[in-house]
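Dear colleague,

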Amino acid sequence: MAAAFDQIFNRAGTKPWKIYSDSGLEFESARMRAYFRRKDILKFHSSPVKEIHATVAERANRTIKDRLYKYFSEENTLRWIDVLEDIVDDINNSLCRMTGMKPVDVSEANAPQLQRRLYKRHDEYPQANSP
């Protein structure tokens, strides 16, 4: 797993400062915990309770699946390997409604601004006029 993460980070030219995953042993082993510590990556995982899922990962999977299904329908094929990288690149270069940014534009430098946007305190939201 560590070699696969290194390959991904090298190819991307950057590494995340935070990773979310499910509670699978491949992410929770002592070796992987040490790897994330060495790389200064905060590692979070979903609850082991079956009803609670890794929502960020599940949403990303859904987005990829939606685009794959559209491709399958338009091209009348089920061969996904030829288009998966293009789909992921398109997603990473598309504006996200939640962040107001493209995923490729997110960096440690703009992380505080992004965090403020995503995690506004309740009292920072505009209040509806009450009668």
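Helix H4 contributes nine residues to the lining of the largest pocket, the largest share of that lining. Please note that the model is a predicted one.

The pocket itself has a volume of about 2900 Å³. Its lining comprises 50 residues, and those closest to the centre are Pro16, Val56, Ala60, Asn92 and Pro103. By class, the lining divides into 28 nonpolar, 12 polar and 10 charged residues. Besides H4 (55–75), at least two lining residues each are supplied by helix H1, strand E1 (18–21), helix H5 (84–92) and helix H6 (111–118).

Two of these contributors to the pocket, H4 and H5, also pack against each other. How do their axes cross, and at roughly what angle? The axes of H4 and H5 come within 10 Å and cross at roughly 125 degrees. H4 is therefore oblique to H5, since an angle counts as roughly antiparallel over 145 degrees and as roughly perpendicular from 65 to 115. The crossing of the two helices is right-handed. On the H4 side, the contact is made by Thr63, Ile64, Arg67 and Leu68; on the H5 side, by Leu84, Ile87, Val88, Asp90 and Ile91. Six of the residues in this contact are nonpolar, one is polar and two are charged.

The loop between H4 and H5 holds arginine 79. Leaving aside residues up to four places away in sequence, arginine 79 touches Tyr71 and Phe72. Arginine 79 is also 11 residues from leucine 68 in sequence, with a C-alpha to C-alpha separation of 9.5 Å. Leucine 68, for its part, belongs to the H4 side of the contact with H5.

The axes of H1 (residues 2–12) and H3 (residues 30–38) come within 10 Å, crossing at roughly 30 degrees. Because angles under 35 degrees count as roughly parallel, H1 is roughly parallel to H3. H1 takes part in the contact through Ala2, Phe5, Asp6 and Phe9, and H3 through Met32, Tyr35 and Phe36. This contact has six nonpolar residues, no polar ones and one charged residue. H1 is also one of the elements that supply at least two residues to the lining of the largest pocket.

Yours sincerely

Notes
Residues are numbered from 1 along each chain as its sequence is written. This is a predicted model: local features need pLDDT of at least 70, side-chain atom pairs count only at pLDDT 80 or more; totals for chains, interfaces and linings use all residues. Side-chain values use heavy atoms; hydrogens and water are left out. Axes are lines fitted to C-alpha atoms, for helices over the stretch in contact, and angles run from 0 to 180 degrees between N-to-C directions. Helices (H or I, at least four residues) and strands (E, at least two) are DSSP runs, numbered from the N terminus. Contact means heavy atoms within 4.5 Å. Ala, Val, Leu, Ile, Met, Phe, Trp, Tyr, Cys and Pro count as nonpolar, Asp, Glu, Lys and Arg as charged, and the others, Gly among them, as polar. On a 1 Å grid over the protein atoms alone, a cavity is a set of points where a 1.4 Å probe fits but cannot get out, and a pocket is an open set with protein on both sides within 12 Å along at least five of seven lines; lining residues have an atom within 4 Å of a point. Grid points are joined across faces, edges and corners, and a volume is the space filled by probe spheres set on the points. A crossing is left-handed if the near helix is turned anticlockwise from the far one by less than a right angle, and right-handed if clockwise.
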